[in-house]
Amino acid sequence: MDTEAFLAICDKIMNLQMYPYFDLAHCVVTCMCIKEDLAEGSHLFSRKHPFSCWISCMLAMYSGAILTNFLLGESIISAYNNENFLILAIGAWYVIFYTPFDIGYRVFNFLPVKLVLAVMKEVIRCKKIHDGVIHAANIYPNSFLIMIVIGTLKGNGYAFLKIFERFLRGVWSPHSFETLQLSFSTKLCIVGSTVFIFSEITGIISVHHALIYFCVVTFFVYCKIETMLFGMHDWFVPFEKLFCVIFLGGLWDRLENLHIPANKNSRTFIKKERNVKVGWMKKKE
């Protein structure tokens, strides 16, 4: 394929209109996540607490805009100023929770359909990350950290508001807060934000912006497909463990256990004492 033709395709992907199809996919996938989080109690909850169910879905679907507006000192309620998107969001909520015989959820949960929706969700995620980085750069041009934070929250804001969204449904789960254990999607958003900064803000990556955007979208889509079809685990875990061992005390803790006598209540002491008892029993036999 000709280089100019390929770059033209990349430009079209970069300038894709998210409304209505990609926005609809985002709304449907988000509502499905909430329904699956409710598990077997979703039917009863949606009938008994429809307002709470609606508020939860609205919060989840607008979570990225709500968080970034709050952090950047902009109006939080302005996230809901697009009436067309609001209609899509309400329609998706109704179809997932209130169609007869749960047919709406069953259709969208069918694997081929769900896979297409997930791919479209990743495309709009990349668009949000890119727009978040550019928006933050216009306000704070010298702060790369703020750009990464805004891009990440734009791309995966629901993960950070999940604890509050569950609280609106009467469930308090502080152990599920995103900062305690970052999800794979959040890590991908951090990587994507960093790549966009290197490409469009600093110019370290001197490649056509549309090509970089296309590569990020392709990578996100590939990760999502591999996760759904093959159960791919978090790619970052081995590197995180290595980093923790070297820089966050793991190596020194092991050296300390080797050279410093263990406390009687520590696991090291209990294991050593158990090994001594086993050896003594073997000699006795």
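Biologist: How much accessible surface does the protein have, and what share of it belongs to carbon and sulfur atoms?
Modeller: The accessible surface is about 17300 Å², and 67% of that belongs to carbon and sulfur atoms. Such areas come from the Shrake-Rupley method with a 1.4 Å probe, and for residues only the protein chains shown count as cover. Residues are numbered from 1 along each chain as its sequence is written, and side-chain values use heavy atoms, with hydrogens and water left out. This is a predicted model, where local features need pLDDT of at least 70 and side-chain atom pairs count only at pLDDT 80 or more, while totals for chains, interfaces and linings use all residues.

Biologist: How many helices and strands make up the secondary structure?
Modeller: There are 14 helices and zero strands. A helix is a DSSP run of H or I with at least four residues, a strand a run of E with at least two, and both are numbered from the N terminus.

Biologist: How does the radius of gyration of the protein stand against that of a compact globule?
Modeller: A compact globule of 285 residues would come near 19 Å, but the protein has 24 Å. The rule is 2.2 Å times the number of residues to the power 0.38, and the radius is taken over C-alpha atoms. Along the principal axes, the C-alpha atoms fill a box of roughly 80 × 55 × 45 Å.

Biologist: Why is Ala89 called buried?
Modeller: Its relative accessible area is 0%, and buried means under 20% (exposed is over 50%, partly exposed in between; 1.4 Å probe, protein chains only), so Ala89 qualifies. Ala89 is found in helix H6, residues 83-98. Leaving aside residues up to four places away in sequence, Ala89 touches Cys27, Met58, Met61 and Tyr62, where contact means heavy atoms within 4.5 Å. Across the whole protein, 36% of the 285 residues count as buried.

Biologist: How do you know what span to expect for helix H10?
Modeller: The expected span is 1.5 Å times one less than the number of residues. Helix H10 (residues 184-201) has 18 residues, and its reach of 25 Å from first C-alpha to last is close to the expected 26 Å.

Biologist: Which residues of H10 are buried, and what covers them?
Modeller: Among them are Phe184, Leu188, Cys189, Phe196 and Ile197. Their cover includes helix H8 (111-139), helix H9 (144-168), helix H11 (209-230) and helix H12 (237-247). Just after H10, Gly203 takes a positive phi of about 75°.
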